[in-house]
Amino acid sequence: MIVDGALPNDLDNGQQYVDEVKREVEAVIDRAPFDLTNIAGTANALTADKPAQLRAGLVKGMSFFLTPVSTNTGPATLNIGGLGAIDLLSESGSALVSGVLSAGSTRHMYFDGSDFRIFGVNVD
């Protein structure tokens with residue numbers, strides 16, 4: 001499905017219309033950035049609460065704002081709401097180096113379908 005903001009107009013009945021609008025709204029929500037809260041764990045194995053808007057699991061393209069409480073000392077993972085530890089990588093897909101995540105500094109990242117990639121971070 002393409003999220004284009006256009007209301008469906010070729011549907012046979014009201015329920016089809018409602019279902020299609022629901023899918024469009026859910027797709028928009030899935031692409032909206034989520035602020036992660038209750039960041040904890042260690043410097044290289046971070047945890048965060050699952051945002052209430054996150055209906056199920058992670059969807060490719062979802063983005064998040066992360067403000068770590070510690071500075072990383074090497075490669076790092078993030079576990080959101082017990083969904084499992086997922087690698088945090090540079091935008092180009094490389095493992096993080098020490099100091100990329102600074103305590104108190106917010107980073108914007110997205111889920112690429114298997115890992116989190118941090119916008120604007122290149123360690124190659």
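Reply: **Aromatic cluster and its surroundings**

Ring pairs link Phe 34, Phe 64, Phe 111 and Phe 116 into a cluster. The model is a predicted one, in which local features need pLDDT of at least 70 and side-chain atom pairs count only at pLDDT 80 or more, whereas totals for chains, interfaces and linings use all residues. Residues are numbered from 1 along each chain as its sequence is written, and side-chain values use heavy atoms, with hydrogens and water left out.

Rings of Phe, Tyr and Trp (its six-membered ring) pair if their centres lie within 6.5 Å; planes under 30 degrees apart count as stacked, over 60 as edge-to-face and the rest as tilted. By this rule there are four aromatic pairs. Tyr 110 and Phe 119 form a tilted pair, because their planes stand at 35° with the ring centres 5.0 Å apart. Phe 119 is partly exposed, at 34% relative accessibility (buried means under 20% relative accessible area, exposed over 50%, partly exposed in between, with a 1.4 Å probe and protein chains only).

Strands S7 (residues 107-111) and S8 (residues 116-118) run antiparallel and are joined by three bridges. Here helices (H or I, at least four residues) and strands (E, at least two) are DSSP runs numbered from the N terminus, and two strands pair if DSSP finds at least two bridges between them. The open sheet has eight strands with mixed pairing, in the order S1-S4-S7-S8-S6-S5-S3-S2. Its edge strands, S1 (34-35) and S2 (40-41), each pair on one side only.

Phe 116 leads on to the largest nonpolar core, of 22 residues, where Leu 36, Leu 78, Leu 88, Met 109 and Phe 116 have the most contacts. Such a core is a set of buried Ala, Val, Leu, Ile, Met, Phe, Trp, Tyr and Cys residues joined through side-chain atoms within 4.5 Å. S5 gives the most to this core, with three residues. Beyond four places in sequence, the contacts of Leu 78 (heavy atoms within 4.5 Å) include Leu 36, Leu 88, Met 109 and Phe 116.

Arg 31 lies in helix H1 (residues 14-31) and is partly exposed, with a relative accessible area of 45%. Its contacts beyond four places in sequence are Val 59, Lys 60, Gly 61 and Ser 63.
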